[in-house]
Amino acid sequence: MNKLRQHSFLAFLCLLLILPTLVFGECTCDGEEDGDRNKTEALKYKLAAIASILVASAIGVGIPILGKTIPALHPDRNIFFLIKAFAAGVILATGFIHVLPDAFENLTSPCLKENPWGKFPFTGFVAMVAAIGTLMVDASATSYYSRSHFKNNKAQPAESGGDTEKAGEHEGHVHVHTHATHGHSHGSVDTSPTTQLLRHRVISQVLELGIIVHSVIIGISLGASESPGTIRPLVAALTFHQFFEGMGLGGCISQAKFKARGVAIMALFFSLTTPVGIAIGIGITNVYKENSPTALIVEGVFNAASAGILIYMSLVDLLAADFMNPKMQSNGRLQAGANIALLLGAGFMSLIAKWA
């Protein structure tokens with residue numbers, strides 16, 4: 001699992017280094033009008049954006065993590081289900097309302113050649129492939145660590161003989177026994193706490209990868225803009241965006257129960273991603289052309305992939321897992337509250353799309 005986390009962080013670092021170099025190019029369409037540009041005033045808004053987004057991201061991701069020390073916000077409490085439903089709604093709306101439309105706009109731009117970009121729905125295709133790839137990674141990683149855990153349990157020597165098994169020897173596994181041949185046939189379903197913990201860790205890391213991808217892109221886009229009129233509404237909108245998104249990611253990180261160092265690294269990476277993207281955008285302002293074919297293709301593909309990851313994770317790993325939880329299924333009031341929280345989260349995030 002440590003290797004998986006290291007690989008995800010290495011992928012993020014490569015993204016930060018490679019993405020800016022890919023979006024350089026000659027502009028073939030008109031971008032911001034010269035009358036809207038004011039480099040000095042725009043820089044003030046960019047610096048304000050770095051500070052506000054950094055603070056909001058840190059607070060958002062920190063609330064669920066630090067909430068473990070508050071009994072009312074413990075993962076087993078009803079309120080935590082409501083918070084996760086709200087956060088999942090935020091992430092779902094981020095994928096559908098914020099990221100996917102941007103990808104469609106990028107990859108269907110008139111600045112791109114009609115062949116092949118106008119003859120095939122690349123945005124939907126990339127999003128679909130990303131969602132399928134996320135499923136494969138999710139299932140493969142969880143299956144691998146589940147099998148490893150189960151094999152380790154089976155390798156442990158039995159402390160009692162015959163047909164009597166020690167209680168709790170395979171905690172979390174359902175066993176089926178047949179004694180017709182004086183032997184045992186085991187069919188097991190692994191629901192052990194260790195397996196569930198590993199699954200939460202996979203979910204949190206894949207989710208952070210999807211968030212990081214689009215956070216870098218929106219940061220670079222904001223940082224490269226020289227129009228105060230464009231940046232001004234984005235500062236507040238992206239601040240709320242990162243705060244709510246941080247709550248969703250923080251909830252997953254808190255359930256994953258990483259060591260303090262791992263939690264700090266994941267929270268820090270999330271908090272710094274958009275501000276670092278803005279800083280990169282400021283540094284490449286003179287060479288970045290937002291409407292160049294290369295920039296449009298790179299941003300469009302990354303946005304589409306990010307949307308596919310976020311939509312899959314929010315629906316399958318966050319919402320489906322919690323809404324099908326026996327605790328919620330047996331509690332009508334909790335289920336109704338989670339539905340309302342989900343709609344509120346999706347609604348608020350969708351509303352922010354008016355400005356960002």
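Q: Hi! What should I know about the model before I look?
A: The model is predicted, so local features need pLDDT of at least 70 and side-chain atom pairs count only at pLDDT 80 or more, while totals for chains, interfaces and linings use all residues. Residues are numbered from 1 along each chain as its sequence is written, and side-chain values use heavy atoms, with hydrogens and water left out.

Q: Thanks! How many helices and strands does the chain have?
A: The chain has eleven helices and zero strands. Helices (H or I, at least four residues) and strands (E, at least two) are DSSP runs, numbered from the N terminus.

Q: And how much of the chain is buried?
A: Buried residues make up 46% of the 356 residues. Buried means under 20% relative accessible area, exposed over 50%, and partly exposed in between (1.4 Å probe, protein chains only).

Q: Let's pick a residue. Where is N106?
A: N106 sits in helix α3, residues 78-107.

Q: Is N106 buried or exposed, and why?
A: N106 counts as buried because its relative accessibility is 10%.

Q: What is N106 in contact with?
A: Leaving aside neighbours within four places in sequence, N106 is in contact with L112, L296, E299, G300 and N303. Contact means heavy atoms within 4.5 Å.

Q: Tell me about L296, then. Which helix is L296 in?
A: L296 is found in helix α9. L296 is buried, with a relative accessible area of 3%. Not counting residues up to four places away in sequence, L296 touches N106, L107, S109, C111, L112, E290 and N291.

Q: How far apart are L296 and E105?
A: In sequence, L296 and E105 are 191 residues apart; in space they are 8.7 Å apart, C-alpha to C-alpha.

Q: Where does α9 bend?
A: α9 bends by about 30 degrees at M313. The bend at a residue is the angle between axes fitted to the seven residues ending there and the seven starting there.

Q: Back to α3. How does α3 pack with α11?
A: α3 and helix α11 (residues 332-352) pack at an angle of about 35 degrees, and their axes are 7 Å apart. Axes are lines fitted to C-alpha atoms, for helices over the stretch in contact, and angles run from 0 to 180 degrees between N-to-C directions.

Q: Which residues make that contact?
A: Among them are F81, A85, G89 and I97 of α3, and G337, A341, L344 and F348 of α11.
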